Amino acid sequence: MAVFTLLAAIAILLSLGVSGQLHVHTDYTGRIVGGVEARPGEFPFQVFLSVTKERPVVAMIPHEAYQGDSKLGADVAVLQVAPPFTLGERVSVAPLPDVGFDPPAGSTCTILGWGTTAESGSVSPVLLKATLQVEGRDVCKEIISGSRPTAVVDSSVICAGGDGVHDTCQGDSGGPLYCDGVVAGVVSWGLGCARPGFPGVYTNVAHWLEWINGHRV
């Protein structure tokens, strides 16, 4: 069985969630901010991706519309690793949403990662988790456009966070936004780490599901 991961600029998650990679958050230098340690086996789809790993990436398929800048959208790709993973109690595939799934504004989701804990902070040796609230796209677009007027904020992304306490950061790119038992989003980019009033932007998995399924083997 081939195992794939979806990608946010460098790497994301699909069949098995991928996290702990390069976070494309603009001006970010960290990992999960304001998080707590996840229990062993709590998220069996979570995988650490680094430049040296036990299973090399043997194929990477970025979306055709990706322009090399996560802020311009289409920030998704499929990675194939080899050899395949052996699934079990502590290793499982990431639960993906159905087409059309879209967590509403005000709902809560979980973020995961090994990135830094603050801007210019240090990385974590353990997997951290934190809870974020989904932000409405209209509000998010208004906030983001002030600093990044060309950034894509539409149905292809999900905005979450902005409480000034919890956030993903550099080192977390490709990690999951876990909502209602499915991986609804993938860490893409943001403005700083846990800056009050600035939500992070996540690739909307459901929006790209047809493309993802079309590139799995």
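Which cysteine does a disulfide join to C169? In this predicted model, the partner of C169 is C193, with an S to S distance of 1.5 Å. The link of C169 and C193 is right-handed, with 45 degrees about the S-S bond. C169 lies in the loop between β9 and β10, and C193 lies in the loop between β11 and β12 (200-204), so the pair ties together parts that are 24 residues apart in sequence. Both ends of this link are in the interior by the accessibility criterion, which counts a residue as buried when its relative accessible area is under 20%. C169 is buried because its relative accessible area is 0%, and C193 is buried because its relative accessible area is 7%.

A disulfide is a covalent bond between the sulfur atoms of two cysteines. The search of the whole structure finds three disulfides. One of them joins C109 to C179, with an S to S distance of 2.0 Å. About the S-S bond of C109 and C179 the angle is 110 degrees, and the link is right-handed. C109 counts as buried because its relative accessibility is 2%, and C179 counts as buried because its relative accessibility is 1%.

Another disulfide is formed by C140 and C159, whose sulfur atoms are 2.1 Å apart. The torsion about the S-S bond of C140 and C159 is about -70 degrees, so this disulfide is left-handed. C140 is part of helix α1 (residues 137-145), while C159 is part of strand β9 (residues 157-160), so the pair ties together parts that are 19 residues apart in sequence. With a relative accessibility of 0%, C140 counts as buried; C159 is also buried, at a relative accessible area of 1%. When the bonded cysteines of the protein are numbered in sequence order, the pairing reads 1-5, 2-3, 4-6.

T168 was examined next. T168 is placed in the loop between β9 and β10, the loop that also holds C169. The relative accessibility of T168 is 0%, so T168 counts as buried. In sequence, T168 and V33 are 135 residues apart, whereas in space the C-alpha to C-alpha distance between T168 and V33 is 6.1 Å. The side chain of T168 also makes a polar contact, at 3.2 Å, with the side chain of Y202.

H63 was considered separately. H63 is found in the loop between β5 (57-62) and β6 (77-81). H63 counts as buried because its relative accessibility is 13%, below the 20% limit. The side chain of H63 reaches the backbone nitrogen of A65 at 3.0 Å. When neighbours within four places in sequence are left aside, the residues in contact with H63 are A74, V76, A77, W208 and W211.

Empty space inside the protein was also searched for. Rolling a probe the size of a water molecule over the atoms shows where empty space is left. The count comes to one cavity of 30 Å³ or more. The largest cavity has a volume of about 40 Å³. Residues lining the largest cavity are S70, G73, A74, D75, S156, V157, S188, T203 and W208. Of these lining residues, A74 and W208 are also among the contacts of H63.

Notes: Residues are numbered from 1 along each chain as its sequence is written. This is a predicted model: local features need pLDDT of at least 70, side-chain atom pairs count only at pLDDT 80 or more; totals for chains, interfaces and linings use all residues. Side-chain values use heavy atoms; hydrogens and water are left out. Helices (H or I, at least four residues) and strands (E, at least two) are DSSP runs, numbered from the N terminus. Buried means under 20% relative accessible area, exposed over 50%, partly exposed in between (1.4 Å probe, protein chains only). A polar contact is a pair of N or O atoms within 3.5 Å; within protein, one must be able to donate a hydrogen and the other to accept it, and residues adjacent in sequence count only if both atoms are side-chain atoms. Contact means heavy atoms within 4.5 Å. A disulfide is a pair of cysteine sulfur atoms within 2.5 Å. On a 1 Å grid over the protein atoms alone, a cavity is a set of points where a 1.4 Å probe fits but cannot get out, and a pocket is an open set with protein on both sides within 12 Å along at least five of seven lines; lining residues have an atom within 4 Å of a point. Grid points are joined across faces, edges and corners, and a volume is the space filled by probe spheres set on the points.
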